[in-house]
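I opened this entry to go through some helices and loops one at a time. My notes follow in the order of looking.

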Amino acid sequence: MEFYVNNEKLDIVLENEKTVGDVLKSFEEECAKNNATTVNITLNGTVIDAEHFDSACQEEIKDNTKLELVIISQADIHNSFAEEAKECTELANKMMELPGQLQAGKDKEANGMITLLADFIDKFCHTASLSALFPSVYTNISIDGKSLNEFFGDFSQVLNDFEQAIASKDTVLMGDLAEYEISPRLTAIANSIKDL
């Protein structure tokens with residue numbers, strides 16, 4: 001059997017494990033001891049989704065079985081949040097510059113900032129959703145006294161308004177939202193995740 005974790009081949013010795021499910025159960029027990037969990041399973045080149053998980057677990061282990069796992073640990077989540085806090089602070093400062101860039105007709109720079117904002121929100125939401133795998137981390141995240149869900153419930157409306165302002169080329173509204181609504185919220189995110 002070939003066994004990979006996070007693209008690294010591991011030499012494992014099977015004891016009483018006869019099926020893929022047996023191997024996964026043993027591995028998950030080890031992960032739990034180390035505050036980690038499996039987030040992706042590939043069996044013989046096929047990604048196993050929830051619908052096919054039970055049937056994959058029944059498969060017998062053979063010499064040519066290839067099992068690839070992607071795991072994430074609580075430490076990985078903390079490290080991601082620490083990096084994102086720095087990125088978020090820089091982005092909050094850049095959002096303060098957006099009104100001036102829009103007024104000066106620096107569309108290329110402004111569009112670059114908007115792309116950075118979209119990419120950051122996407123990355124942060126991905127990390128936040130993975131943090132839910134570790135309830136002690138997820139429940140400790142409080143942004144401006146709100147849970148992640150509450151905070152993003154409010155923030156998503158601001159982002160929708162921003163998106164509409166972009167679509168209608170309303171540079172005044174874009175600048176106001178960037179400076180007075182988005183930048184302070186980015187600062188709040190950075191402050192809440194930097195010391196998790």
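I note at the start that this is a predicted model.

**Entry 1: helix α1**

I began with α1, residues 20–33. Its 14 residues reach 20 Å from the first C-alpha to the last, close to the 20 Å expected at 1.5 Å a residue.

Which residues of α1 are buried? I found V20, G21, V23, L24, F27 and C31. I then looked down the axis of α1: the buried residues fall within an arc of 150°, so they line one face of the helix. As a reminder to myself, residues three or four places apart in an α-helix point the same way, because there are 3.6 residues a turn.

On the face turned away from the buried side I noted the exposed residues K25, A32 and K33.

**Entry 2: N35, after α1**

I moved on to N35, which follows α1. N35 sits in the loop between α1 and β3. Its phi is near 50°, a positive value in a residue other than glycine. Is N35 buried, exposed or partly exposed? I have it as partly exposed, at 44% relative accessibility.

**Entry 3: A118, a distance check**

I picked A118 in helix α4, residues 107–131. A118 counts as partly exposed because its relative accessible area is 47%, which lies between the 20% limit for buried and the 50% limit for exposed. A118 and N35 are 83 residues apart in sequence and 30 Å apart in space, C-alpha to C-alpha.

**Entry 4: helix α6**

I turned to α6, residues 148–167. Its 20 residues should span 28 Å at 1.5 Å a residue, and the end C-alpha atoms are 27 Å apart, which agrees.

I listed its buried residues: L148, F151, F152, F155, V158, L159, F162 and A165. What do they pack against? I found α3 (74–103), α4, α5 (135–138) and α7.

**Entry 5: K169, after α6**

K169 follows α6 and is found in the loop between α6 and α7. K169 is not a glycine, yet its phi is positive, at about 55°. I looked up its accessibility too: K169 is exposed, with a relative accessible area of 67%.

**Entry 6: α6 against α7**

How do the axes of α6 and α7 (residues 171–193) cross? They come within 10 Å and cross at roughly 155°. The two helices are therefore roughly antiparallel to each other, as the angle is over 145 degrees. I recorded the crossing as left-handed.

I went through the contacts on each side. From α6 they include F151, F155, L159, D161 and F162. From α7 they include L173, L177, E181, R185 and I189. F155 is among the buried residues of α6 and also among those meeting α7.

**Entry 7: α4 against α7**

Last, I took α4 with α7. Their axes come within 13 Å and cross at roughly 35°. α4 passes α7 in a left-handed crossing.

Which residues of α4 meet α7? I noted I114, L117, F120 and F124. On the α7 side I have M174, I182, L186, I189 and I193.

Definitions and conventions: Residues numbered from 1 in each chain as written. Predicted model: local features only at pLDDT ≥ 70, side-chain atom pairs only at ≥ 80, totals over all residues. Heavy atoms only, no water. Helix = DSSP H or I, 4+ residues; strand = E, 2+ residues; numbered from the N terminus. Expected span 1.5 Å × (residues − 1). Buried < 20%, exposed > 50% of the residue type's maximum accessible area, 1.4 Å probe, protein only. Arc of directions from axis to C-beta. Axes fitted to C-alpha atoms, helices over the stretch in contact; angles between N-to-C directions. Parallel < 35°, antiparallel > 145°, perpendicular 65-115°, else oblique. Left-handed = near helix turned anticlockwise from the far one by under 90°. Contact = heavy atoms within 4.5 Å.
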